[in-house]
Amino acid sequence: MPQLQGLGNRQADSWRQRRIVVPNLQAGLWLLPAAALASSMLTWACIGYAQRRGLLDHPGARRSHREVTPRGGGLAIVLTSLAGLLAIWSCGEIEPFRAVILALALGAVATVGFWDDHRALPAAPRLAVHLIAAALLVWPLKGVFPAQFALPVVLLLLVWLAAMVNFWNFIDGINGLAGVQAAWVCLAIGLYLASHGNTGMALWSVLLSAAILGFLPFNMPGARIFLGDVGSGFLGLAVGALMLFSWVDGNLGLPALVILPSAVLIDAGATLLLRMAAGRRWYTAHRSHLYQWLARRGRSHLQIVLMSLAWNLPTTALALTLGDREDGLAFAAAAAVYAAGLGGWLLARRQLRRDAASIA
């Protein structure tokens, strides 16, 4: 919707004119190593907490690990990135209202995930919280969209943000995959926003990537702790929120934004649709994702993560080249990416199933 370009920025003009302290991007870069260090230290604390509270994932038929491993380490990313958001807001680089709704929405998803890590919750209350958190982010933007499209667009965005929360939870089944994919997308968006003057969101996006990088040494190649629902759901909504605001602010167009997380969306989305079509309980734990098939057929967790990054390299280059374009050619490029990805996903999955059947 090209008519939306820049509307988010124009709504913020009066706030920007009132700012007293305007630090530049370089002045905020000290936050990045601080975020990585803080995340690492908090991850150490999360390991001890999880062991004391018995928050342990045991190997099983529907899991891809072979050792008892603590969970809930994503809390370190949550605390670090929310503290970073507060610091960036205090410097005057993010609108106060945007910072508040981000913190509330992300905090809600992290809280229900933290609860679920301690005591399993039914799907319904978790999904309700995800939708409420999505509404916190989307509803204030309803005036940005043309009146005749406002309600359908808002509803679509609610569903999409809730899906992002759950898709990131779906791919958090092997070491490093969910964290690496989130860090990659956040870094790509952050660097692009920085080059286009959106300093506050750029800083928070790259800071989130730094917080993830501080956690990853504890999660891959061998995991001493897992993200848990507190981390995977938080990352899904955080990536979704960055995509949403990058679009509303007029920095990145829809084609570029849907291409950036395509590695996650293709595997999680195609697996979900197949399970729903087969009448299976799609919301329960399973081992039907392509990355899980690859793990069962002998690929290491690190190899699978590197395979996902190999997909990211050309698709991210294409996305950032498209930038804020929303013309027919840009949408065709996004469609081509998903067609190629889905075709490769189907071929790989079929071959892996054949290999498994021949051995059996």
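These questions and answers walk through a predicted model, from its overall makeup to single side-chain pairs.
Residues are numbered from 1 along each chain as its sequence is written, and side-chain values use heavy atoms, with hydrogens and water left out. Local features need pLDDT of at least 70 and side-chain atom pairs count only at pLDDT 80 or more, while totals for chains, interfaces and linings use all residues.

Student: How many helices and strands does the protein have?
Tutor: Helices (H or I, at least four residues) and strands (E, at least two) are DSSP runs, numbered from the N terminus. The protein comes to 16 helices and 2 strands.

Student: What share of the 360 residues is buried?
Tutor: Buried means under 20% relative accessible area, exposed over 50%, and partly exposed in between (1.4 Å probe, protein chains only). Of the 360 residues, the buried share is 52%.

Student: What percentage of contacts between residues at least 6 apart in sequence join residues at least 24 apart?
Tutor: A contact means heavy atoms within 4.5 Å. Among contacts between residues at least 6 apart, those joining residues at least 24 apart make up 77%.

Student: How many salt bridges are there in the whole structure?
Tutor: A salt bridge needs a side-chain nitrogen of Lys or Arg within 4 Å of a carboxyl oxygen of Asp or Glu. A search of the whole structure gives 3.

Student: How many residues apart in sequence are the parts that Arg98 and Asp249 tie together?
Tutor: Arg98 forms a salt bridge with Asp249, with the closest N and O atoms 2.8 Å apart. Arg98 lies in helix H6 (residues 96–118), and Asp249 in the loop between helix H11 (228–248) and helix H12 (254–259). So the pair ties together parts whose separation in sequence is 151 residues.

Student: Are Arg98 and Asp249 buried or exposed?
Tutor: Arg98 has a relative accessible area of 8%. Asp249 has 2%. Arg98 is therefore buried, and Asp249 is also buried.

Student: Which residue meets Asp116 in a salt bridge?
Tutor: The N to O distance is 3.9 Å. The pair links Asp116 in helix H6 to a residue of helix H7 (residues 123–138), 10 residues apart.

Student: What is the N to O distance between Arg325 and Asp327?
Tutor: Arg325 is partly exposed at 32% relative accessible area. Asp327 is partly exposed, with 32%. Their side chains meet in a salt bridge at 3.0 Å.

Student: Why does the pair of Phe167 and Phe170 count as tilted?
Tutor: Rings of Phe, Tyr and Trp (its six-membered ring) pair if their centres lie within 6.5 Å; planes under 30 degrees apart count as stacked, over 60 as edge-to-face and the rest as tilted. The structure holds 4 aromatic pairs. In Phe167 and Phe170 the centres are 5.9 Å apart and the planes lie at 35°, so the pair is tilted.

Student: Which residue has its charged end over the ring of Trp293?
Tutor: A charge sits over a ring if NZ of Lys or CZ of Arg is within 6 Å of the ring centre and within 35 degrees of the ring normal. Here the charged end lies 4.3 Å from the centre, and the residue is Arg296.
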